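Please read this note with the model open beside you.

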Amino acid sequence: MSCWETIADYSLRSVGIGERLLPKENFTLCQQVVLIGSGMIWNVYFGVIALVSGFFLATAVALGKASANPLARKLSEWFIFVFRGSPLFIQFFFAYFAFLSLKSVSPIFDPFTAAWLGAAIVLFLNTAAYSGEIFYGALLSIPKGDMEAADAYGFAGWTKFRKITWPTMLRLAWPAYTNEAIFLFHATTLVYLSGFPAWRQKGDALYYASYFADKTFNPFVPYPILAAYFVLVTLVIISLFGLMNRRLNRHLPQDVRGRIKLRMNLMR
């Protein structure tokens, strides 16, 4: 089988398109690159879904924690405390068994026990908690002069938040939020190790890397390929978030614009 045939047969296998059976012997480098790359579709899916949806919840959580309303403040504080205070791996298992129990109550909860929905919800809540704390810190760091200038111009309520508070919060939080986005995509590998089954038994990138490592008894080929894919995803994230960072700081002189610095988290 040529490499082009391998790409045609296996490039979309993780989403149920193409050859159903995995190679059993005579594994080629092309097969490993293509299949692990196919599994990256699911990792990108989990990361994008959790990041986009978690961004809006994180903003609400940050505003709730900074609110003068004691109920909103306590709810936000406990939400952040629970999801930041417990390991993500444990959250996966707890959520899976919770959804499994609800599944016996009503069939409406059936999709929640699958990875495409259940695992995405866990990642969404987890990143919302971490990002909410980042945004909350940025809210506290907004210069008082900016808020006083907004009051002087007659801004109030939603207009003040949309034009002054929210853009300034994002500008201050964006470098730290970029690192959270990178770590979120790395954390998607934990979905394979959690209790959530893959959609139609089509796994993510770690699933295929583990498959080749088990079959060839050589982990020094599939796992570096997996790492290379995540390095590429990380570079894409840095580039996209860097563009957004320049957009947020477009009003500042070139020499004083903050640059995004990559700080990898060793532990969650």
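This is a predicted model: local features need pLDDT of at least 70, side-chain atom pairs count only at pLDDT 80 or more; totals for chains, interfaces and linings use all residues.

1. Start with a term. Buried means under 20% relative accessible area, and exposed means over 50%, with partly exposed in between.

2. Where do Tyr177 and Phe241 lie? Tyr177 belongs to helix α7 and Phe241 to helix α10, so this pair ties together parts 64 residues apart in sequence. The ring centres of Tyr177 and Phe241 are 5.9 Å apart. Their planes meet at 45°, so the pair counts as tilted.

3. Ring pairs join Phe55, Phe56, Phe135, Trp166, Trp174, Tyr177 and Phe241 into a cluster. How many aromatic pairs does the structure hold? The count is 26.

4. Another of these ring pairs is formed by Trp158 and Phe161. Their centres are 5.7 Å apart and their planes stand at 35°, so this pair is tilted. Both residues sit in helix α7, which spans residues 157-187. They are 3 residues apart, about one turn of the helix. Phe161 is buried, at 17%.

5. A polar atom of the Thr178 side chain lies 2.8 Å from the backbone oxygen of Trp174. Thr178 has 1% relative accessibility, so it counts as buried. Trp174, for its part, is a member of the ring cluster.

6. Now the charges. How many salt bridges does a search of the whole structure find? It finds 3. One of them joins Lys65 and Glu133, with the closest N and O atoms 2.8 Å apart. Lys65 lies in helix α2 and Glu133 in helix α5 (residues 115-140), so the bridge ties together parts 68 residues apart in sequence. Lys65 is buried, with a relative accessible area of 15%. Glu133 is partly exposed, at 23%.

7. A second bridge stays within one helix. The side chains of Lys74 and Glu77 meet at 3.6 Å, N to O. Both belong to helix α3 (residues 70-85), where being 3 residues apart separates them by about one helical turn. Lys74 is partly exposed, at 45% relative accessible area. Glu77 is also partly exposed, at 27%.

8. The remaining bridge pairs Lys160 with Asp151, at 3.0 Å from N to O. Lys160 has a relative accessible area of 17%, so it is buried. Asp151 is partly exposed, at 46%.

9. A charge also meets a ring. The charged end of Arg84 sits over the ring of Tyr130. The distance to the ring centre is 5.7 Å.

10. Look next at the surface. Which residues form a nonpolar patch there? Val44, Val48, Val52 and Phe56 do, with about 340 Å² of accessible area together. Val44 lies in helix α2. Its relative accessible area is 32%, so Val44 is partly exposed.

11. Asn26 has a phi near 50°, a positive value in a residue other than glycine. Its place is the loop between α1 (3-10) and α2 (29-65). Asn26 is exposed, with a relative accessible area of 65%.

12. The other loop residue is Phe217. Its phi is near 55°, again a positive value in a residue other than glycine. Phe217 is found between α9 (205-216) and α10 (222-248), in the loop. Is Phe217 buried or exposed? Its relative accessible area is 74%, so Phe217 is exposed.

Methods:
Residues are numbered from 1 along each chain as its sequence is written. Side-chain values use heavy atoms; hydrogens and water are left out. Helices (H or I, at least four residues) and strands (E, at least two) are DSSP runs, numbered from the N terminus. Buried means under 20% relative accessible area, exposed over 50%, partly exposed in between (1.4 Å probe, protein chains only). A salt bridge is a side-chain nitrogen of Lys or Arg within 4 Å of a carboxyl oxygen of Asp or Glu. Rings of Phe, Tyr and Trp (its six-membered ring) pair if their centres lie within 6.5 Å; planes under 30 degrees apart count as stacked, over 60 as edge-to-face and the rest as tilted. A charge sits over a ring if NZ of Lys or CZ of Arg is within 6 Å of the ring centre and within 35 degrees of the ring normal. A polar contact is a pair of N or O atoms within 3.5 Å; within protein, one must be able to donate a hydrogen and the other to accept it, and residues adjacent in sequence count only if both atoms are side-chain atoms. Patches are made of residues with over 30% relative accessible area and no salt bridge: like charges are joined within 9 Å, nonpolar side chains (Val, Leu, Ile, Met, Phe, Trp, Tyr) within 5 Å. Accessible areas come from the Shrake-Rupley method with a 1.4 Å probe; for residues, only the protein chains shown count as cover.
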